[in-house]
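Please read them with the structure open.

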Amino acid sequence: MKKIIFAFFMAVSCLSFGELKDNIGLFSEEEAATINTAIEKVEKEKEIKVYLNTVIGEESFQLENPQKTFIITYQKIGKDIVVTELKFTEDLKMGDKAQEIDLVLDSLKEQLFEKNYAAYTTALLEQISTLIPLEDKSEEGDGQNFPEDSGETKKGFFRRVFSRNP
């Protein structure tokens, strides 16, 4: 009875959060719970969305709102061959950090070869999250800066419309 309740809880939590979609049964229930907590931690720290999908072959995953998103995809290619694919949305600006990402993947490849996918995933999330820059809200500011607003004196709407020098 406890196993049924735990399985139901895990199914509901996975469906409600939607971060981990294990289509090929790569993770056990306990591993899925630890991975979900690691995903939630990264999402809260970096204010991004993390998706983890396991697929057979070359299935794809489409996003509804592709902003500030990090996608990890495990593809089962052969009988015992599983490869990892990482994708970042352009607004995370991870293109210039390709060398650091390669170093992270090289340091974790032993766990992948040993088929310790849960430990690999949690370590990957922790190390990649250190590479993702925090959003700097001070750069955005409250309003937009337009060149016409840069003057010392601001004119009202009617004065701008009817003056010779708006």
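**Notes on the predicted model**

1. S129 counts as buried, at 7% relative accessibility. The cut-off for buried is under 20% relative accessible area. S129 sits in helix α4. Leaving aside residues up to four places away in sequence, S129 touches V42 and K46. The model is a predicted one, so please treat these contacts as computed from it.

2. Next, the overall layout. The chain has six helices and four strands. Along the sequence the pattern reads α-β-α-β-β-β-α-α-α-α. Of its 166 residues, 31% count as buried. Of the contacts between residues at least 6 apart in sequence, 44% join residues at least 24 apart.

3. The sheet. Its four strands are ordered β1-β2-β3-β4, and the sheet is open with mixed pairing. Which strands stand at the edges? They are β1 (20-22) and β4; each has a single partner strand, so one side of each lacks a neighbour in the sheet. On average, neighbouring strands are turned by 10° against each other, direction ignored.

4. Pairing within the sheet. β1 and β2 run parallel and are joined by three bridges. D22 has T54 of β2 as its bridge partner. β3 and β4 are antiparallel, with seven bridges. There, I72 has L86 of β4 as its bridge partner. Helix α4 packs on this sheet and touches β2, β3 and β4. The direction of α4 makes about 155° with that of β3.

5. Six of its eight residues are buried, so β2 is largely enclosed by the rest of the structure.

6. The core. The largest nonpolar core holds 32 residues. F27, Y74 and I128 have the most contacts inside it. Elements giving two or more residues to this core are α2 (29-46), β2 (49-56), β3 (69-76), β4 (82-88), α3 (98-113) and α4 (117-131). Which element gives the largest share? It is α4, with eight residues.

7. Not counting residues up to four places away in sequence, I128 touches F70, L86, F88, I101 and V104. I101 and V104 are among the buried residues of α3.

8. Helix α3: length and bend. At 1.5 Å a residue, its 16 residues should span 22 Å; the end C-alpha atoms are 22 Å apart, which agrees. Where is the kink in α3 centred? It is centred on S107, and the kink is about 40°. Please look at both values together when you inspect this helix.

9. Helix α3: the buried side. I101, V104, L108 and L112 are buried. An α-helix has 3.6 residues a turn, so residues three or four places apart point the same way. What covers the buried residues of α3 includes β3, β4 and α4.

10. Most residues other than glycine have a negative phi. K68 has a positive phi, near 50°, and is not a glycine. K68 lies in the loop between β2 and β3. Is K68 buried or partly exposed? K68 is partly exposed, with a relative accessible area of 27%.

11. The second case is K115. Its phi is positive too, about 60°, in a residue that is not a glycine. K115 follows α3 and is found in the loop between α3 and α4. K115 is partly exposed, at 43% relative accessible area.

12. E30 lies in helix α2. E30 is exposed, with a relative accessible area of 52%. E30 and A118 are 88 residues apart in sequence, yet their C-alpha atoms are 9.5 Å apart in space.

Definitions and conventions: Residues are numbered from 1 along each chain as its sequence is written. This is a predicted model: local features need pLDDT of at least 70, side-chain atom pairs count only at pLDDT 80 or more; totals for chains, interfaces and linings use all residues. Side-chain values use heavy atoms; hydrogens and water are left out. A nonpolar core is a set of buried Ala, Val, Leu, Ile, Met, Phe, Trp, Tyr and Cys residues joined through side-chain atoms within 4.5 Å. Buried means under 20% relative accessible area, exposed over 50%, partly exposed in between (1.4 Å probe, protein chains only). Contact means heavy atoms within 4.5 Å. The expected span of a helix is 1.5 Å times one less than its number of residues. The bend at a residue is the angle between axes fitted to the seven residues ending there and the seven starting there. Two strands pair if DSSP finds at least two bridges between them. Axes are lines fitted to C-alpha atoms, for helices over the stretch in contact, and angles run from 0 to 180 degrees between N-to-C directions.
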